[in-house]
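Thanks for coming. I will go through one structure today, a piece at a time.

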Amino acid sequence: MSVVLHWFRRDLRLSDNLALHAACRSGAAVIPVFIFDRRIYTAPRAGAPRLAFLLAALHALDAALRQYGSRLLVRSGDPVAVLAALVAETGAAAVYLNEDYTPYARRRDAALAARLNVPVHASADALLLPPGSVLTGAGEPYTVYTPFRNNWNKQPKAPVSSLALRAEHFHPLTEIAGEPLPALPDLGFAPTIAVPPASEAAAAALLDAFIAGDIHTYDDKRNLLPAQPYHTPRPAGTSYLSPYLRLGLLSPRQAYQAAREAYRHTHSVAWRESIETWVSELTWRDFYMHILAHFPHVLERDFKDTYLALAWRDDPDWLHAWQEGRTGYPVVDAPMRQLNAIGWLPNRARMIVASFLTKDLLIHWRHGDRYFMQHLIDGDPAANNGGWQWAAGTGTDAQPYFRIFNPVSQSEKFASPAYLRHWLPELRGVPDKDIHAPWRLPKPPVDYPPPIVDHAIAREQTLAAFKQAVGK
Ligand SMILES: Cc1cc2nc3c(=O)[nH]c(=O)nc-3n(C[C@H](O)[C@H](O)[C@H](O)COP(=O)(O)OP(=O)(O)OC[C@H]3O[C@@H](n4cnc5c(N)ncnc54)[C@H](O)[C@@H]3O)c2cc1C
């Protein structure tokens with residue numbers, strides 16, 4: 001029997017998996033492989049919540065493969081060495097994989113291609129349009145979102161793969177030994193928060209529910225921090241698909257195609273606008289991945305050199321207060337406690353807490369980026385870095401340094417009192433009208449801290465620091 005390997009990485013699904021389907025179409029029996037790479041799960045940006053979600057997704061993938069008479073072959077070690085040994089052991093004629101665009105993944109995949117004496121077939125599966133396909137007239141990558149999107153909108157997107165999988169596509173793996181899937185402690189992590197169901201079926205159900213309902217009112221609801229911010233199957237307002245897109249339990253083509261069908265099925269102008277807004281979020285996802293692929297330095301330093309001289313503040317106490325949701329600003333503390341409790345935040349909450357860390361506390365975005373990566377189940381190097389550099393004013397389409405979110409007006413505009421009380425039980429007795437700034441009460445709640453900075457003063461100090469950095 002001729003054999004090929006499919007190496008699963010951030011594409012943990014059987015449907016619309018371009019490299020897997022190419023492997024199946026080759027006519028050889030596919031051995032599905034996952035490799036635990038210490039360099040990834042011991043990296044500073046690794047986090048137990050996302051690993052827990054990954055482990056659950058791997059169990060689901062293994063169960064799905066068993067329905068085809070196969071299973072997930074698990075190995076651990078340096079992926080290049082593991083795959084070279086596996087090719088020798090099985091006589092595999094090729095390795096199939098989907099491209100990944102982080103600097104580490106690109107180095108690793110180049111080393112793999114150089115080491116193996118069989119072909120490595122890479123597919124561009126993770127995005128709607130791969131890096132290099134959306135360029136300016138001069139052939140350069142875009143560094144601003146809107147012209148990127150205009151070009152992106154004009155280009156055709158690949159359809160969802162129609163291959164129907166069959167048991168004959170897969171190797172039964174009867175004589176090839178693998179390792180059991182580890183538990184978190186085996187990877188050196190303590191047990192962590194409960195994670196949502198992690199499977200292709202769960203992702204498909206979330207997508208279906210969103211497309212049947214909230215996508216049509218996305219424009220109105222996406223920025224609100226509602227009373228019930230998180231419940232199964234999903235919070236109100238947005239799709240909650242980010243963890244699923246992150247690990248590839250859903251493909252971006254499946255999401256895009258479903259949105260396009262919803263668009264065709266409605267004639268309401270407002271609904272169509274909401275659908276377009278949601279599709280533009282998928283474009284942001286592509287955009288930040290392109291930025292990372294073309295400008296890998298962003299993971300370590302500012303996208304722009306403009307503020308390299310900025311005197312960021314080094315204050316571990318303030319950093320801890322922010323991390324633990326003890327800044328005294330409810331609209332900052334509620335999301336941070338939500339992040340610590342469930343590993344996910346709505347986009348508006350991410351923007352508010354990122355602005356507060358970088359602009360009110362003047363603490364380097366790198367600390368926030370790392371903390372988010374350690375705690376988010378959807379933590380993605382490209383989107384997270386893009387979001388943080390946007391908030392700090394150092395990134396591509398960044399929020400200019402002089403736009404500083406006011407935590408009280410953001411709270412009044414977007415946060416429902418029920419949301420704040422849900423995550424901050426200390427504020428249960430505070431009336432709605434006072435909950436956005438409880439320190440203004442004649443008798444503030446004794447067990448909730450006063451603000452660690454005065455926003456008006458912090459704002460002036462930050463403006464001065466930015467001006468000094470650019471020599472104004
Ligand atoms: C400081 C900061 C950090 C962030 N970190 C991450 C991260 O680590 N991982 C992550 O997936 N997103 C991140 N985002 C983007 C965004 O907040 C989340 O994608 C979104 O909140 C996920 O919720 P949802 O799936 O309901 O999104 P929806 O609103 O339903 O959007 C659909 C999908 O589009 C993509 N998307 C939406 N907004 C963005 C965006 N601004 N940039 C890139 N992709 C986007 C996501 O894949 C999302 O699932 C970050 C944003 C900020 C401001």
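Strand β1, helix α1 and strand β2 form a β-α-β unit, and the unit is right-handed. This is a predicted model, so please keep that in mind throughout. The helix, α1, covers residues 18-25.

Now the pairing. β1, residues 3-7, runs parallel to β2, and five bridges join the two. One of the pairs to look for is Trp7 with its bridge partner in β2, Val33. β2 also pairs with β3, residues 73-76, again in the parallel sense, over four bridges. There, Phe36 has Ser76 as its bridge partner in β3.

How many residues of β2 are buried? Eight of its eight, across residues 29-36. Ala29, Ile31, Val33 and Ile35 point one way from the strand. Val30, Pro32, Phe34 and Phe36 point the other way, and these are buried too.

Next, helix α15, residues 365-375. Its buried residues include Trp365, Tyr371, Phe372 and His375. Among the elements that cover the buried residues of α15 are α3, α12 and α13, along with α14 and α16.

Last, the ligand. There are 29 residues around it, and those that come nearest are Thr238, Ser239, Asn347, Asn384 and Gly387. The elements giving two or more residues to this shell are α9, α11, α14 and α16. Which of them gives the largest share? That is α16, with six residues. By type, the shell has 14 nonpolar residues, eight polar and seven charged. Domain 2 and domain 3 each supply at least three residues of the shell.

That is the end of my part.

Conventions: Residues are numbered from 1 along each chain as its sequence is written. This is a predicted model: local features need pLDDT of at least 70, side-chain atom pairs count only at pLDDT 80 or more; totals for chains, interfaces and linings use all residues. A residue is buried if 20 or more other C-beta atoms lie within 10 Å of its own, exposed if 12 or fewer, and partly exposed in between; C-beta atoms are placed from the backbone. Two strands pair if DSSP finds at least two bridges between them. A crossover is right-handed if, with the strands pointing away from the viewer, the path from the first strand over the helix to the second runs clockwise. Two residues are in contact if their C-beta atoms, placed from the backbone, lie within 7 Å. A residue is near a molecule or strand if its C-beta atom, placed from the backbone, lies within 6 Å of it. Ala, Val, Leu, Ile, Met, Phe, Trp, Tyr, Cys and Pro count as nonpolar, Asp, Glu, Lys and Arg as charged, and the others, Gly among them, as polar. Domain bounds come from an automatic or database domain assignment.
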